[in-house]
Amino acid sequence: MFSSPSVRTKRRAAAAAAAPPHAAPASGGQETSPHKRHAPEPQPSWLPPLAKRAPKPSESAQNAGSAPAQNTDSAPAQSTDAATAQHTLLRGDRHAVFEVAGLPPAARQLLDAADVAGAGVACGVSDELRFAFAATTATCLVWALDGAAAVYRLAMPDAASAAPADAPAVALVPGADLRGDVGLVACSSSGHVRYWERVVFGLGGAEQFRSAELLLPTPDDRCLQLAEVCAGVFVAATSSGCLFRLALLDAQGAATLDARALSRTAGSRVGMLSRMASLLGAAASADAGAADELVAVARGARTEIRHSREVFALMRTRLAKWVVSRAHAERLVYTADLHRTLADAVASASSEDTAFTVYDVAARGGDVCLLLGLHASQDAPTRLAVAVLRGDHVSAEPAVAALELLCHSAPPHPPLAGPTRPRLVLPAAGPGLFVVLGQTVVAAAMPGAAAAFEEAVSLRSGDCVLGAAAARQSPHESGECSVLLACRRAGVLRMVAAVRL
């Protein structure tokens, strides 16, 4: 399935190999066939402990290939750690890939049918490694990763009028009182929202949900992404860049669903900032309408207000920073022109006359990270770069603190939307980051780090990553970081990298 050839200062991976295919039963969303257990192998000392869970049936060999890996640091392993019941699919000097859970037959059938029909899909996994989901415009399947056979089927909102290619935006909703359970919020491309407070133990079953509708500004606008802000608050982002606040808890902490658009004039400070942005010329690009489209939305650092966080909305030409709270009015902090912010740094990093495209945004602490694609020509591979933006204070427009090119390239002009678009994942701790490119996952050090580090792992042909999330973990002194991957055929994987600087 994977390989890990070594190079001098940076690392990249090619296609890899594993065991022969293994047939799984297709009975009612349950996994019943055991897989072969191998003798446990000692893990490298740098690996963080993996979460213990009950043994489960596996389909790790379903995605296997037979071509031998070339020039690898160590042969790809498919060992089982007896304490964790997680299979080691690849183990390198400074990175490893584990199988967490295979796809249940019902989810595999749903994705196969979507492939045949050319329909859009959405997949994801919770950061605490408890649940995963796969969704199309009509149906969302949710299952636990602890080996339980049950698969929960939820009807998606506005399925009758949704275009098959427009997968809904879906997010799992964790909660401190939902041990063994999970909530789910879904929004159709037309702006219809449903919220299930309890998927597993809900007394009303799959029909027990709350509904709301987003008032999209134009008929052509589409809801594309959801991002969790804090407990009980999500943000929905549309293709035109409109943001909507979804409140899942009321003032007393009871479940509800309230949706409203974020307002640029929710307070005097916002109005002052808007007038300043207009004087600087930023408001013109912010209101460019159809010429500008949403790329990604991400949550940032906590603020001094309880249950409040920064939210970043990345458009093709600009970056907007908001502060969104559960109990207080939102604030638009700034709107930054990306060409003005990034042009000089991109020109310094590339020796050619290069255009650039922004593909994703992520934030950690006070830093904002952007994933860029550099295009030297129409047919040339897309050079990937990560830029770190930093402001003098929380309300200041950021400047480029560091920009670094990755060794790994993407195909010419990768998609800006959909599950295979280039994505940037920042773990909560550690000096590393992950770039997900459909079939390839790259682990690298943060720009500006003292030492170079880059490892790339490729899935077998025919597989791809449909969803990714930073794994919930505590900081490790040796610099480990990990990402969770929801794959089309391999199921849920976990990649761990030791970015020792």
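**Exercise 1.** Which residue in E19 stands opposite Ala-320?

*Solution.* Start with the ground rules: this is a predicted model, where local features need pLDDT of at least 70, side-chain atom pairs count only at pLDDT 80 or more, and totals for chains, interfaces and linings use all residues. Numbering runs from 1 along each chain as its sequence is written, and side-chain values use heavy atoms, leaving out hydrogens and water.

Now find strand E18, residues 318-325; strands here are DSSP runs of E with at least two residues, and helices are H or I runs of at least four, numbered from the N terminus. Six bridges tie E18 to E19, antiparallel (strands pair if DSSP finds at least two bridges between them). Go to Ala-320, and across from it in E19 you'll find Thr-335. For another pair, Val-323 has Arg-331 as its bridge partner in E19. Five residues sit between E18 and E19 in their hairpin.

**Exercise 2.** Work out the strand order of the sheet and find its edges.

*Solution.* The order is E16-E17-E18-E19, an open, antiparallel sheet of four strands. E16 (294-302) and E19 (331-337) each have a single partner strand, so one side of each lacks a neighbour in the sheet. Further in, E17 and E18 share seven bridges, and a hairpin of two residues joins them.
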